[in-house]
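Here's a quick tour of a protein model, meant to be read with the structure open beside you.

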Amino acid sequence: MNIQKLWTWIDQNGERFEAVSDAVWGFAETCFTEYQSSKLQREVMEQEGFRITTPVCGMDTAFIAEYGSGAPVIAFLGENDALPAQSQCADVAEPKPLTPGGNGHACGHNLLGTGSMEAACAVKQYMEAEGISGTIRYYACPAEEGGGAGTSDCTGNLRRSKKRPSKQADRITALLMILSIWAEALRESRWNAGI
Ligand SMILES: [Zn+2]
């Protein structure tokens, strides 16, 4: 695999996804109310050529974006919910609420959700360009914070639903969430270092 091709695409499209992350930061929607965040991400994924399924398991802010068919199934998991009473001005390294008592992304889910989504798009375009077959999925999971529907419960519900992910996807979903965070952190450090 030519990793440089992935980095080139990510660098060329970085500003688009940073704008999504900034918007999700601004929406600051808490568990099960990620309506604007979910809508924006669905629009981006549709533009990128993914098929959208929503709601999922009765959760209005959950969606699955899917591209391609057959094996392997490569899945990315994103969360988009904020935390209550954690409002914070961006780029300030001390407590400074944007809205006193308001919601905020203290856990960085604006980066987590958008970074996972960007990773799914990068892999999709790589598979297209290289003529590689398979399925890419992005699972937008609501309410990781407090709602119990996020990382574990959402994927658990998905396992029990008709939209059951394949066993391969079950096994790698959590791993790719971690890799997405790592990729986002790496991109940030590259950016900071001016590379
Ligand atoms: Zn969190």
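What follows covers the overall layout, then some helices and their packing, then a histidine in a loop.

## Ground rules

This is a predicted model, so to speak of local features we need pLDDT of at least 70, and side-chain atom pairs count only at pLDDT 80 or more, while totals for chains, interfaces and linings use all residues. Numbering starts from 1 along each chain as its sequence is written.

## The overall layout

The protein chain has 5 helices and 4 strands, where helices are DSSP runs of H or I with at least four residues and strands are runs of E with at least two, numbered from the N terminus. Read from that end, the order is α-α-β-β-β-α-β-α-α.

Of the 195 residues, 38% are buried. Buried here is 20 or more other C-beta atoms within 10 Å of the residue's own, exposed is 12 or fewer, and partly exposed is in between, with C-beta atoms placed from the backbone. Among contacts with a separation of 6 or more, 69% link residues 24 or more positions apart; a contact is two C-beta atoms, placed from the backbone, within 7 Å.

## Helix α3, mostly enclosed

Helix α3 takes in residues 109-130, 22 residues in all, and should span 32 Å at 1.5 Å a residue; its end C-alpha atoms are 31 Å apart, which agrees. (The expected span is 1.5 Å times one less than the number of residues.) Because 16 of its 22 residues are buried, α3 is largely enclosed by the rest of the structure. Glycine 131 follows α3, with a positive phi near 65°.

Helix α2 (residues 35-47) has 13 residues and reaches 18 Å between its first and last C-alpha, close to the expected 18 Å. Its buried residues include Ser37, Ser38, Gln41 and Met45. The buried residues of α2 fall within an arc of 95° seen down the axis, so they line one face of the helix; the arc is taken over directions from the helix axis to the C-beta atoms.

That buried set packs against α1 (3-27), β1 (51-53), β2 (63-69), α3 and β4 (134-141). On the other side of α2, Glu43, Glu46 and Gln47 are exposed. Just after the helix, glycine 49 has a positive phi of about 95°.

## How α1 packs

Start with α1 and α2: their axes come within 9 Å and cross at roughly 165°. Axes are lines fitted to C-alpha atoms, for helices over the stretch in contact, and angles run from 0 to 180 degrees between N-to-C directions. The two helices are therefore roughly antiparallel, a label for angles over 145 degrees. On the α1 side, the contact is made by Val20, Ala23, Val24 and Phe27, and on the α2 side by Gln36, Ser37, Leu40, Gln41 and Val44.

Now α1 and α3: these axes also come within 9 Å, crossing at roughly 150°, which makes α1 roughly antiparallel to α3. Residues making this contact include Trp9, Phe17 and Trp25 of α1, and Asn110, Glu118 and Tyr126 of α3.

## Histidine 105

Histidine 105 sits in the loop between β3 (73-79) and α3. It counts as buried because it has 26 C-beta neighbours inside 10 Å. Setting aside neighbours within four places in sequence, histidine 105 is in contact with Trp25, Ala28, Ala82 and Asn110. Glutamine 88 is 17 residues away along the chain, with 7.8 Å between its C-alpha and that of histidine 105.

Technical notes
Angles under 35 degrees count as roughly parallel, over 145 as roughly antiparallel, 65 to 115 as roughly perpendicular and the rest as oblique.
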